[in-house]
Amino acid sequence: MYKYDSIDKTIVTERVEQFRGQVKRHLDGDLSAVDLAPLRLRNGLYMQIHAHMLRVSIPYGLLNSEQMRALATVSRQYDRGYGHFTTRQNIQFNWPELADVPDILKDLAQVEMHAMQTSGNCIRNISSDQYAGVAPDEIIDPRPYCEIIRQWSTLHPEFYWLPRKFKIAVTGATTDRAAVQFHDIGLEVVHNDAGEIGFRVYVGGGLGRTPVIGSVIREFLPRDDILSYCEAILRVYNLHGRRDNKYKARIKILVKAMGIDAFRNEVDAEWAHFKDGELKLHKEDFDTMEAFFPAPAYEELDAGDARIEKWLSLDSRFVDWYNNNTAEHRQSGYRIVNVSLKEHGVAPGDATDEQMDALADIAEQYSFGEIRVTHEQNLVLADVREQDLLTVWKALDEHRLATPNIGSVNDMICCPGLDFCSLANATSIDIAKQINEKFDDFQELYDIGEVKLKMSGCMNACGHHHVGHIGILGVDKKGEQWYQLTVGGDASNNAALGTHLGPAIAKDDVSDAIDDILHVYKDQRNDDERLVDTFRRIGVEPFKTRVYAEAQ
Amino acid sequence: MATVANRAIKARPKATPDRIQENIRNSKVVVAEAIEDNDLLHIAETEELTVNDLPAGNISVPLNLWLESKSALQAREGITAVQVAADESPEEITEDLNDIDIIVLPFVAYIDGRSYSHAHKLRLRYGFKGQIRAVGDVHYDQLDFLTRCGCDAFELPDGDDHQAALQAFKEFSDVYQPAADAGRLVFARRRAVH
């Protein structure tokens, strides 16, 4: 993975000291809480219902064991012994003291981590495919490009006070696991007919109050031009994005208002001024960056280790875990292991300090010391030898990290909701628990197959409910918590927004409604059809009829 | 000539919330990382403002007034300073840059970053060599990035601690990307090392 050089170290260290100064001025009474707010936000520090919340950046979701241990230490030393992994592959601590935050950041800087631009109206952490470098369907490894964009966008002086936040995602695989069509800029690394590397560029996608699927602004952008082209998009947005209404300030609203063709013309006109200037990248820049992301030192192994068959025949719990939580690897004799952070009864995405430390050890011993964070709030050990799977499973299971529910209804994306977040209208975590309790028969879940269940506690959509195969949105109705359901959303290549099912559902009835949806699916599915495929074929009506049958 | 300019003005909105609402007179200005006395008065834009309403002394004028009355303004004693508000654009004065000593960028709210792009363009695209001065809701924590984008003078409100704010110029000794300063793209620098 990327290693800081003296330039990175200087900038991160100086940013910590700058923030220390800002906090000190505030505590000394020289900087008001109102004026501190935008400054602390640009360093990942929010004010939540009960306390501050610190969001630490995990660039494109990639961590090493040392960093994971540092996060565990932070949670133990400065927080309440756990962290929450987020849908943008970052981690949040819910209980730090403001006065401690500069020291937390200093500790994190020692392991090459920071909290820069994890919130605020600026360019956020670059997110990517959690299977980068190991997926069988990968065409080009996106990580070097993510890192190049990360550096360019870090403390960019012109784009620090944008109309609204700005999110960039990069994928390099046939299957989009990074939801690039739902980002302000989405980049798909592709080859052109001449075999050159470049990007298909999407712009103006996003969730939130106004969900929009991104438009293609450029079918093929040569990779040398990626920074200058992003700079042109950002300048047009910075100058013309709406600032009078925060709910209409994202770039998606500007692109919609102008139309993609007019927006493209504006960007091209801007770009023409500096396209071949200092921002142009050279081949050696890519070569240098790619060298930070080599394939690990794989052993030459045969695919399909014989021991797997034996283990599968002996232990049904291992079977469930193997089938659900591991995925095919491009290197024979290896598998990708998904670490479920969706244990029954635990807030989705939460991990304790003890679990983080354990994972750091397991990764070090069995997966080249690297861990990835997924946008579905799980973790990944990307390079596990098949022959080690039983040991790894046992080790994960010992730490309650092997719940065999990846991709199932129980593997839901869920925002922190009303339990923590000052924006939320409704609880998310209680609903997650209710669903976990309702669907505790895992064999039944396996029969249902892949269901992306995504839940947000308010219309800001941190839980990506619009793109859930089943989406749940918490709303406030005269002080009561109600839930709106959608069906048929999809964050991957066949990007789609979910269709509204009907009137909001009372809190206690949510899991029953989901059960109804799953029953319709089971009754109507064809062979090998997932819920979302059945929905596409039969439409929303049968689901609606069943869910609201009793009410009529 | 005058009629062409006037026709252009009619299409421009006047006295929007992004313009200076009341005349601004700050006692100090930070130039070249040092605090100096300031005598530049920034004239607020109103619907009726004409060149006859202007007080004596060094003033900056709203862009509309400049476009309306260039020659009268140039005939005045002292420096020529023109405001370009966040909702205006430097493109309106690209032909006039040699006649202007100071371009004033008024910040109604520091969270509005449009003027960073104005400064960037004025320096890098249009080659403005005069002073670019940030005025209004401008404080300690904005000075570094404003400098990087091409501003070289800052009027902090009189209540601010100017001496403390000078620290802003020393907070970072390195950068990742080019801007309107000497900063270079980090990859170009690494390229030179290899």
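H52(A) belongs to strand 2 of chain A, residues 52–56; helices (H or I, at least four residues) and strands (E, at least two) are DSSP runs numbered from the N terminus. This is a predicted model, in which local features need pLDDT of at least 70, side-chain atom pairs count only at pLDDT 80 or more, and totals for chains, interfaces and linings use all residues. Residues are numbered from 1 along each chain as its sequence is written, chains are lettered from A and ligands numbered from 1 in the order in which they are written, and side-chain values use heavy atoms, without hydrogens and water.

H52(A) is buried, at 13% relative accessible area; buried means under 20%, exposed over 50%, and partly exposed in between, with a 1.4 Å probe and protein chains only. Beyond four places in sequence, its contacts (heavy atoms within 4.5 Å) include R40(A), Y46(A), F93(A) and W95(A). The charged end of R80(A) sits over the ring of W95(A), 3.6 Å from its centre; the criterion is NZ of Lys or CZ of Arg within 6 Å of the ring centre and within 35 degrees of the ring normal.

How many aromatic pairs are there over all chains? The count is 21, where rings of Phe, Tyr and Trp (its six-membered ring) pair if their centres lie within 6.5 Å, with planes under 30 degrees apart stacked, over 60 edge-to-face and the rest tilted. Y160(A) and F145(B) are edge-to-face, at 4.8 Å between centres and 75° between planes. This pair crosses between chains, from a loop of chain A to helix 5 of chain B.
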